[in-house]
Amino acid sequence: MCGIVGVFGTPYSFQEVYQGLLLLQHRGQDAAGILSFDFNDKNFHHYKDSGLVSDVFRPEILAGFSGQMSIAHTRYATVGPKEKNKSPIDAKRDIQPMTINYPHGIGMVHNGNIVNYFELKQHLLQDKRRHLFTNNDLEALLNILSDGLKEKQAGAHHFDLFQKAVKNLFDQAKGGFSVLGLLADQGLFAFRDPHGLRPLILGERRLTEEEKLAHPKHFGKSYCLASESNSLNFLGYDVIRDLAPGEILFIDQTGEIFSSVDYSKLKNIAPKSCMFEWVYFANPESVLEERSVYSTRLEFGKNLAGEIQALIDSGEIKPDLVVPIPETSRVAAISLSETLKIPYREVLIKNRYIQRSFILNTQESRKRAVQLKLTAIASEIKGKNILLLDDSIVRGTTSKRIIEMVKEAGANEVYFATTCPPIRYPCYYGVDFPDPNELVASNRTVALVAAYLGANKLIYLSESATKKSIDKEGLCMACINGCYPVDIASAKKFQDMRSLHRE
Ligand code: SF4
């Protein structure tokens, strides 16, 4: 999963995308990049590197940017070799934004994954004589778009040509993706895959007097598009709307917005927003598809309480404390505790200075790594029955170690609850769920997962309660129920790409 942000119409667009990117850091910590275009000197300005946003964009780097439109990306690599396993040259090559010089000069960023990337790569090489230089599927999208834009049609409107090129891309690329891009001297564009699997939100704000003075050819407004609304809010943009699934949007050099959705083509394609945004990825202050992430997580807690109350009533479990596993489950743990009328205690303390996982080879050192990230307050835990809450269980390794830690701190019984149903199937659309063999729930019953984790009881939020909490028609829940909205015929090659990442 990655974070993307783009700004059009202010002379400080590069500063805004930088700040917007800081607010999206939770979506990816591997690398960051910014591309701006300056209508005055007709030049792109581009910088990207491995690391956190604030480490990559030091003040002297930001000072080198100029431009009235910019796009930015923060990366979490889900395919191709992991950053730490690459040579510095390869690592840098796969970082976004990516650019191509023809036609016009195009720069792009994306959030998501293209399932049929290998087929597209072959097609581009054999049929179009286009060699791809990176392991990043964005480069395939960039080349397909460039190919579609190269035809000129006398008298045709620039948006008609652009739409045609993106529709051609939709016909070829299978997966979940949200894209932002710049066309040199033409404008900023955005599009979202036909199912709307990955989020993208549009906002606008009025320019300040200072901005108008600094940009004589201003349009009175600037626009921002971002993966999450928290970025737009922070930058002072009013949210206009989420881009519709399959929507193509273009803001041209005069500041006019063009947008279209080809409903005739999309009529058999159901919208499928990724439910994992509300479960785990999005920041609690964000609102996606008009559903507040914070309120949804409160609902997760309330609805889970209904399922847990039945176990309490039957005497199967007797929790003394509700304990969130920091950070994501905090909000749900509050409503879980309130509904069950069981005290909420933050007795697992996160060490805020340990940011990264370590490369550790022994069981003992991995255990120590969890203890470095989290500390259990034994005096509050000893002799009590602890109900731990986490957002989800993927591989189960961290959950297992946390349960061990709470037991070692003297807990009597440890129950483990999660605000997501069992994850039994891989994600091919941009979330880093490994192949099924590594998913703890893929071949185990709930009782067997509980035994593996060492929990006295394991309670998953049900699929129906998850849907009820998000309260939205058209959710992707393929990792839960195996119903994939986008063709995964190319999944085997995709899995090979992922294993490269995991080596
Ligand atoms: S498979 Fe799961 S993680 Fe992937 S897009 Fe669908 S809901 Fe989201």
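Predicted model: local features only at pLDDT ≥ 70, side-chain atom pairs only at ≥ 80, totals over all residues.
Biologist: Why is Arg129 called exposed?

Modeller: Arg129 has 7 other C-beta atoms within 10 Å. The cut-off for exposed is 12 or fewer. Therefore Arg129 counts as exposed.

Biologist: Where is Arg129, and what is its phi?

Modeller: Arg129 is found in the loop between α5 (117-126) and α6. Its phi is near 55°, a positive value in a residue other than glycine.

Biologist: What makes Lys341 exposed?

Modeller: Lys341 has 8 C-beta neighbours inside 10 Å. Exposed means 12 or fewer, so Lys341 qualifies. Lys341 sits in the loop between α13 and β18 (348-350). Its phi is positive, about 60°, although Lys341 is not a glycine.

Biologist: What makes α6 mostly covered?

Modeller: A residue is buried if 20 or more other C-beta atoms lie within 10 Å of its own. In α6, 13 of its 13 residues are buried.

Biologist: How do you know that the span of α6 is close to the expected one?

Modeller: Helix α6 (residues 137-149) has 13 residues.

Biologist: Why are β5 and β13 called edge strands?

Modeller: Six strands form an open sheet in the order β5-β6-β7-β8-β12-β13, with antiparallel pairing. β5 (98-100) and β13 (257-260) each pair on one side only. The twist averages 15° from one strand to the next.

Biologist: How do you know that β7 and β8 pair?

Modeller: Pairing needs at least two bridges. Strand β7 (residues 175-183) and strand β8 (residues 187-192) have six, in the antiparallel sense. Leu182 stands opposite Leu188 in β8. Helix α6 packs on this sheet, touching β5, β6 (106-114) and β7. The direction of α6 makes about 125° with that of β6.

Biologist: How do you know that β21 pairs with β20 and with β22?

Modeller: At least two bridges are needed for a pair. Strand β20 (residues 385-390) and β21 share six bridges, in the parallel sense. Asp390 has Thr418 of β21 as its bridge partner. The chain crosses from β20 through helix α16 (residues 397-408) to β21, a right-handed β-α-β crossover. Four bridges join β21 to strand β22 (residues 457-460), also parallel. There, Phe416 is partnered by Leu458 in β22.

Biologist: What makes β21 mostly covered?

Modeller: Strand β21 (residues 413-418) has six residues, and five of them are buried.

Note on methods: Residues numbered from 1 in each chain as written. Helix = DSSP H or I, 4+ residues; strand = E, 2+ residues; numbered from the N terminus. Right-handed = clockwise from strand over helix to strand, strands pointing away. Expected span 1.5 Å × (residues − 1). Axes fitted to C-alpha atoms, helices over the stretch in contact; angles between N-to-C directions. Contact = placed C-beta atoms within 7 Å.
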